[in-house]
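Morning, everyone. I have one structure to show today, and I'll keep it quick.

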Amino acid sequence: INYAEITIRIIPAIALILYSDYSKYPAVFKIFGWFMLTTSFVLYFVPRHLHHNFSNKAADILKPLYFQLISPFSISIGIIIINSVA
């Protein structure tokens with residue numbers, strides 16, 4: 001599941017890079033796309049147990065309330081991306 005998640009994350013990263021020249025904010029799209037792509041490839045080489053341990057520690061710290069508080073920011077970023085390519 002871990003590697004499938006990373007592979008699926010690569011698809012929008014490449015899309016951001018390829019579409020950056022046609023967007024309203026080409027530099028932001030390129031930087032964010034390359035950041036996502038680079039971190040995805042780094043995660044391929046991080047041992048699974050380290051990634052799993054980090055995820056468990058993060059899950060202990062991040063309570064569901066925190067996700068509810070930051071969800072408007074996530075929605076806002078999605079809306080901005082959609083408006084940037086339309």
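Start with the fold. The protein has 4 helices and 0 strands. Read from the N terminus, the order is simply α-α-α-α. Keep in mind that this is a predicted model.

Now the overall dimensions. The C-alpha trace spans about 40 × 30 × 20 Å along its principal axes.

Next, the surface. The accessible surface comes to about 6,800 Å². Carbon and sulfur atoms account for 76% of that area. As for the inside, buried residues make up 17% of the 86 residues.

On to the core. Which residues form the largest nonpolar core? There are 7 of them: Ile10, Ala13, Leu16, Ile17, Phe29, Met36 and Leu37. Two helices, α1 (2-19) and α2 (26-45), each supply at least two residues of this core. The largest share comes from α1, with 4 residues.

Zoom in on Leu37, one of the core residues. Set aside its neighbours within four places in sequence. Leu37 is then in contact with Ile10, Ala13, Ile14 and Ile17. Ile10, Ala13 and Ile17 are on the core list too.

Now charges. Side chains of opposite charge can pair when their charged atoms come close. How many salt bridges are there here? The count comes to 1 salt bridge. The partners are Asp21 and Lys30, whose side chains meet at 3.3 Å, N to O. Is Asp21 buried or exposed? Asp21 has a relative accessible area of 53%, so this residue counts as exposed. Lys30 comes in at 33% relative accessibility, so Lys30 counts as partly exposed.

Last stop, Leu69. This leucine is in helix α4, which covers residues 64-85. Why does Leu69 count as exposed? Because its relative accessibility is 53%, and the cut-off for exposed is over 50%. Where does Leu69 lie relative to Thr7? The two are 62 residues apart in sequence, and their C-alpha atoms are 28 Å apart in space.

To recap. We have 4 helices, a largest nonpolar core of 7 residues, and 1 salt bridge, between Asp21 and Lys30. That's it from me. Over to you.

Terms used: Residues numbered from 1 in each chain as written. Predicted model: local features only at pLDDT ≥ 70, side-chain atom pairs only at ≥ 80, totals over all residues. Heavy atoms only, no water. Core = buried A, V, L, I, M, F, W, Y, C linked by side-chain atoms within 4.5 Å. Buried < 20%, exposed > 50% of the residue type's maximum accessible area, 1.4 Å probe, protein only. Contact = heavy atoms within 4.5 Å. Salt bridge = Lys/Arg side-chain N within 4 Å of Asp/Glu carboxyl O. Areas by Shrake-Rupley, 256 points an atom, 1.4 Å probe, with all protein chains shown as cover.
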